[in-house]
Amino acid sequence: MTATPDLSTPRLAGPELLRSVFRQHAAGVAVITARDQDPVGFTATSLASVSAEPPMISFGIGTGASSWPAVSRAGHVGVHILGEHQRDLAATFARSGADRFGAPTRWFEGPHGVPVLHGVLAWLVCRIVARVPAGDHRVVLAEAVVGDPAGAGRPLLYHQGRFNALRD
């Protein structure tokens, strides 16, 4: 490997290189929820639109995540797009061991028993159609069945390891 004139010396790929590269990538922030015996959820920056027809999304989840057992069994998940006013909510759902559905989190039981969060920019309830192995994660493919895009505000972003507001 050699350095290019305007870049530093390339490094071999591994977990730390991938993390370092993706710290440079600004991503929207979502919370994925599911229902097992109790509601579960986690903060995700891997949410992507996959298909318009049928309306399908994808997200990644680590197989070691506390929410994985519920997501691995769930028929449906909730997908919530967070606003810049919801940094604390994003941090709560990202923190291991947190009481994610306790106060001050506001939520209700939505379609198919999926926990739906109050005050988000938009939400979907999606039917899981596949869980694809991808290293220590699974890529979940899910078809949207119902939702609401009418929340007010601007999106929350994740960049450089922090939750950030969108700037003009």
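In this predicted model, helix H3 spans residues 87-94, and Leu89, Ala90, Thr92 and Phe93 are its buried residues. Looking down the axis of H3, these buried residues fall within an arc of 160 degrees, so they line one face of the helix. Their cover includes strands E2 (30-35), E3 (39-44), E8 (115-117), E11 (156-159) and E12 (162-165).

Then there is the nonpolar core. The largest one has 19 residues, and Phe59, Val71 and Val77 touch the most other members. Among the elements giving two or more residues to this core are E2, E3, helix H2 (68-73) and strand E9 (122-134). Val71 touches, among others, Ala34, Phe42, Phe59 and Ile128, leaving aside residues up to four places away in sequence. A second, separate core holds 15 residues, including Val31, Phe101, Val116 and Val120.

As for charged pairs, the structure holds five salt bridges. Arg154 and Glu84 meet in one of them, at 3.9 Å from N to O. Arg154 sits in the loop between E10 and E11 and Glu84 in the loop between E6 and H3, so the pair ties together parts that are 70 residues apart in sequence. Glu143 pairs with Arg127, with the closest N and O atoms 2.9 Å apart; this one links strand E10 to strand E9. Salt bridges with shared partners also join Glu16, Arg19 and Arg23 into one network. Within it, Glu16 and Arg19 come to 3.5 Å between their closest N and O atoms, and the two are about one helical turn apart in helix H1, being three residues apart.

How values were computed. Residues are numbered from 1 along each chain as its sequence is written. This is a predicted model: local features need pLDDT of at least 70, side-chain atom pairs count only at pLDDT 80 or more; totals for chains, interfaces and linings use all residues. Side-chain values use heavy atoms; hydrogens and water are left out. Buried means under 20% relative accessible area, exposed over 50%, partly exposed in between (1.4 Å probe, protein chains only). Helices (H or I, at least four residues) and strands (E, at least two) are DSSP runs, numbered from the N terminus. The arc is that of the directions from the helix axis to the C-beta atoms. Contact means heavy atoms within 4.5 Å. A nonpolar core is a set of buried Ala, Val, Leu, Ile, Met, Phe, Trp, Tyr and Cys residues joined through side-chain atoms within 4.5 Å. A salt bridge is a side-chain nitrogen of Lys or Arg within 4 Å of a carboxyl oxygen of Asp or Glu.
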